[in-house]
Amino acid sequence: SFAHEHIRGLRLGGKAYPVSITGVEANFMKDHIIERGYKNAFELATGVGISSLAIGLGMKETGGQFITCDNYSEEAIQEVPFGTREVEWTNAPDGYVMFQTLKEHFDLPGIQVNKSSPQIYSELNGGLDFVFLDCPKDDNDLKRDIDGIFPLLEERCTIMLHDSHCFTEKGESYFSEKFGRPYDKIYQFGDVRQFFPLAVFVRG
């Protein structure tokens with residue numbers, strides 16, 4: 001399991017940013033995949049590979065497979081979300097090395113693709129039962145990615161959205177209209193005043 005219980009997500013050693021999911025979220029994701037017996041997962045975006053590890057370990061138990069993609073198009077300099085200083089972001093090489101390490105040492109089922117989401121959606125064959133979206137950072141991003149994955153989903157499926165605090169009522173309403181009901185917000189430590197929720201939608 002991922003032994004990490006801090007509000008800030010897991011990161012590469014010595015890196016202040018980017019911040020991935022927390023250990024609590026990683027364990028929740030892995031366990032959910034195993035409990036539901038999912039076989040076909042898709043992730044956007046890979047980042048440094050923490051969520052890829054969680055999904056891969058879940059799929060390893062169920063005998064499934066997954067595709068994770070990231071075009072690593074962000075600026076080289078990013079504002080740290082939990083402070084005011086700026087740091088150099090070496091996401092692309094670190095993320096790729098991290099994913100290759102996961103495949104080599106854990107024999108995880110999956111491939112990493114450096115493409116944008118519209119490109120990858122057009123190449124997926126459908127049948128997705130687990131989707132993790134860590135790319136949408138505003139309502140427009142959410143609409144783009146929901147529209148992209150919607151026709152590819154199995155009737156029995158789960159969608160998880162990272163950084164759901166970025167979406168306004170407009171984005172949440174669009175999701176509800178698309179799927180017939182809203183997603184749930186999971187506050188990992190129970191205090192909604194302090195921690196960002198993981199959005200979870202389970203169907204079937």
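Predicted model: local features only at pLDDT ≥ 70, side-chain atom pairs only at ≥ 80, totals over all residues.
The chain holds six helices and nine strands. Of its 204 residues, 52% are buried.

**Helix 1 and helix 2**

- Helix 1 covers residues 23-36 and helix 2 covers residues 50-62; the two pack at an angle of about 25 degrees, and their axes are 8 Å apart.
- Angles under 35 degrees count as roughly parallel, and helix 1 and helix 2 are therefore roughly parallel to each other.
- On the side of helix 1, the contact is made by Ala26, Met29, Lys30, Ile33 and Ile34.
- On the side of helix 2, Ser51, Ala54, Ile55, Leu57, Gly58, Met59, Glu61 and Thr62 take part in the contact.
- Sorted by class, the residues in the contact of helix 1 with helix 2 are eight nonpolar, three polar and two charged.

**Helix 5 and helix 6**

- A second pair to look for is helix 5 (residues 139-149) with helix 6 (residues 169-179), packed at an angle of about 15 degrees with axes 9 Å apart.
- Helix 5 and helix 6 are therefore roughly parallel to each other as well, and their crossing is right-handed.
- From helix 5, the residues that meet helix 6 are Asp139, Leu142, Lys143, Ile146 and Asp147.
- Their partners in helix 6 are Lys170, Gly171, Tyr174, Phe175, Lys178 and Phe179.
- The residues of the contact of helix 5 with helix 6 comprise five nonpolar, one polar and five charged.

**Aspartate 147, a member of that contact**

- Aspartate 147 is found in helix 5, and it counts as partly exposed, at 27% relative accessibility.
- Setting aside residues up to four places away in sequence, aspartate 147 touches Tyr174 and Lys178.
- Aspartate 147 and phenylalanine 175 are 28 residues apart in sequence, and their C-alpha atoms are 9.5 Å apart in space.

**The chain as a whole**

- Among the contacts in the chain with a separation of 6 or more, 69% are between residues 24 or more positions apart.
- The chain exposes about 10,000 Å², and carbon and sulfur atoms supply 48% of that area.

**The loop between strand 7 and helix 6**

- Strand 7 spans 153-161, and serine 164 lies in the loop between this strand and helix 6.
- Serine 164 has a relative accessible area of 1%; under 20% means buried, so serine 164 is buried.
- Apart from its neighbours within four places in sequence, serine 164 is in contact with Tyr183, Pro197, Leu198 and Ala199.
- Aspartate 163 is found in the loop between strand 7 and helix 6 too.
- Aspartate 163 has a phi near 55 degrees, which is a positive value in a residue other than glycine.
- At 16% relative accessibility, aspartate 163 counts as buried.

**Glutamate 155 in strand 7**

- Glutamate 155 is located in strand 7 and is exposed, with a relative accessible area of 56%.
- From C-alpha to C-alpha, glutamate 155 and aspartate 129 are 7.9 Å apart in space, while 26 residues apart in sequence.

- Serine 122 has its place in helix 4, which covers residues 117-123.
- At 61% relative accessibility, serine 122 counts as exposed.
- The C-alpha atoms of serine 122 and glycine 148 are separated by 8.3 Å, and the two residues are 26 residues apart along the chain.
- Isoleucine 67 sits in strand 2, made of residues 65-69.
- With 24% relative accessibility, isoleucine 67 counts as partly exposed.
- Isoleucine 67 and isoleucine 120 are 53 residues apart along the chain, with 9.6 Å between their C-alpha atoms.

Methods. Residues numbered from 1 in each chain as written. Heavy atoms only, no water. Axes fitted to C-alpha atoms, helices over the stretch in contact; angles between N-to-C directions. Helix = DSSP H or I, 4+ residues; strand = E, 2+ residues; numbered from the N terminus. Parallel < 35°, antiparallel > 145°, perpendicular 65-115°, else oblique. Left-handed = near helix turned anticlockwise from the far one by under 90°. Contact = heavy atoms within 4.5 Å. Nonpolar A, V, L, I, M, F, W, Y, C, P; charged D, E, K, R; others polar. Buried < 20%, exposed > 50% of the residue type's maximum accessible area, 1.4 Å probe, protein only. Areas by Shrake-Rupley, 256 points an atom, 1.4 Å probe, with all protein chains shown as cover.
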